[in-house]
Amino acid sequence: MHITSKLPATETTIFTVMSALARQYNAINLGQGFPDFDCDEGLRKLVSKYLNDGKNQYCPMAGLLDLREAIAQKIERSYGTIVNPETEICVTAGATQALFTAISAFVHSGDEVIIFEPAYDSYTPSIQVAGGIPKPYRMTLPDYAIDWNIVENMVTDKTKMILINTPHNPTGTILKESDLLALEQIVKDKNIIVLSDEVYEHLIYDEEKHQSVLRFPNLFRQSLAVYSFGKTFHSTGWKIGYCVGPEHLIQEFKNIHQWNVFSVNSFTQYALAEHLQNPESYEYLPQFFQAKRNLLNERLKETPLKAQLSKGTYFQLYNYENISQEKDTEFAKYLTQEIGVASIPLSPFYTNPPDDKVVRLCFAKKEETLEKAAERLSKL
Ligand SMILES: Cc1ncc(COP(=O)(O)O)c(C=O)c1O
């Protein structure tokens with residue numbers, strides 16, 4: 001049988017490659033982006049309570065209404081924006097599915113989607129499966145900033161979507177209010193949807209405010225914002241998130257959602273609806289992760305690695321140009337094999353990588369893991 005792949009260029013992801021290498025060399029894995037500590041005990045008890053209470057059948061297609069109401073309250077508290085839980089929220093099987101569904105719903109064959117590289121690895125394949133054409137804007141050192149005049153010039157009559165991500169994985173940068181206002185001007189009166197990946201909304205440091213598309217009423221009318229409970233509640237394995245947008249977009253989003261997921265697992269929805277009643281469950285996150293970021297940076301201060309201070313996410317970039325002129329993929333291998341710490345190079349996140357000498361470390365780890373990794377890295 002002959003199969004024509006829709007994604008012929010797919011290779012093993014850099015996360016799989018680096019994690020396999022980490023295992024082989026017994027390295028501390030600061031490459032993959034998930035916590036090495038467990039999620040909240042109270043939340044785990046709620047999940048098992050609802051599982052054992054018989055909440056094991058289909059939930060409504062858009063998600064349990066109690067959960068959508070709790071999400072709407074969280075949005076109002078976080079961003080001062082009122083969204084309708086009946087019509088403007090859809091619960092999804094993680095942010096990846098929300099992104100894939102949003103792209104499938106609105107991108108037609110030959111449509112262009114502007115993305116910002118280095119980009120989270122699901123964006124380009126999701127666009128390609130929909131028959132769309134990714135148009136990468138390349139962000140680089142010194143600050144990975146976006147020149148919105150260039151973005152404006154990238155817009156053509158084929159542009160259907162602009163996909164942003166703030167706080168940004170892998171760079172740890174954030175968009176400012178001025179960035180969102182510039183974007184709002186670019187899409188104004190155009191048939192362009194902004195897809196905003198905000199999975200790290202609560203992981204933001206140094207008293208900065210997360211600039212969600214939900215804060216900008218005009219922009220919101222043509223936007224979909226995507227979130228992940230996996231990131232917010234240290235439970236990446238549960239794969240549950242949600243998508244928020246104006247009714248006319250969410251309606252079409254649900255039109256696709258019902259044919260590829262229908263509805264998301266029930267008992268975690270009940271548990272999350274109850275857990276979200278306590279805003280403390282997510283409002284402690286900036287301090288919690290900022291302390292981890294600071295610990296790692298403090299311990300690495302005396303090494304030749306130079307931190308690009310992370311403003312958000314649980315990733316921190318380190319510039320290694322004082323140590324080596326090797327490509328980032330080679331340097332990441334060296335760190336794993338010789339120093340015993342796995343990292344992630346940035347070049348696989350680009351179509352056309354620059355020669356920046358940086359690697360990404362994840363600080364969503366126990367203090368002792370960070371201390372141990374820092375001790376090894378201090379040999380550099
Ligand atoms: C920027 C970004 N978007 C989306 C996701 C996927 O989130 P989920 O696990 O909820 O699918 C991740 C996970 O690493 C991410 O970093």
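How many bridges join S10 to strand S13 (residues 358-362), and in which sense do the two run? In this predicted model, 5 bridges link S10 and S13, and the strands run antiparallel. Within that pairing, Asn-319 stands opposite Val-358 of S13.

Let's stay with S10 for a moment. Strand S9 (residues 306-308) is also its antiparallel partner, over 3 bridges, and Gln-308 has Leu-317 in S10 as its bridge partner. S9 and S10 make a hairpin with 6 residues between them, and Thr-313 in the turn shows a positive phi of about 75°. Strand S10 (residues 315-319) is largely enclosed by the rest of the structure, because 4 of its 5 residues are buried.

Here are the strand pairings side by side:

| Pair | Sense | Bridges |
|---|---|---|
| S3 and S5 | parallel | 4 bridges |
| S9 and S10 | antiparallel | 3 bridges |
| S10 and S13 | antiparallel | 5 bridges |

Now to the open sheet. Its 7 strands follow the order S2-S8-S7-S6-S5-S3-S4, with mixed pairing. Strand S2 (89-92) and strand S4 (133-138) are the edge strands, each pairing on one side only. On average, neighbouring strands of this sheet are turned by 20° against each other, direction ignored. Where S3 (residues 112-117) meets S5 (residues 159-165), Glu-112 has Thr-159 as its bridge partner.

Helix H4 (residues 94-106) lies across S2, S5, S6, S7 and S8, running at about 160° to S7. H4 also gives the largest share of the shell around the ligand, 3 residues. In total, 14 residues surround the ligand, and the closest are Gly-94, Ala-95, Thr-96, Asn-169 and Ser-228. By class, this shell holds 3 nonpolar, 9 polar and 2 charged residues.

Terms used:
Residues numbered from 1 in each chain as written. Predicted model: local features only at pLDDT ≥ 70, side-chain atom pairs only at ≥ 80, totals over all residues. Pairing = 2+ DSSP bridges. Axes fitted to C-alpha atoms, helices over the stretch in contact; angles between N-to-C directions. Contact = placed C-beta atoms within 7 Å. Near = placed C-beta within 6 Å. Nonpolar A, V, L, I, M, F, W, Y, C, P; charged D, E, K, R; others polar. Buried ≥ 20, exposed ≤ 12 C-beta atoms within 10 Å, placed from the backbone.
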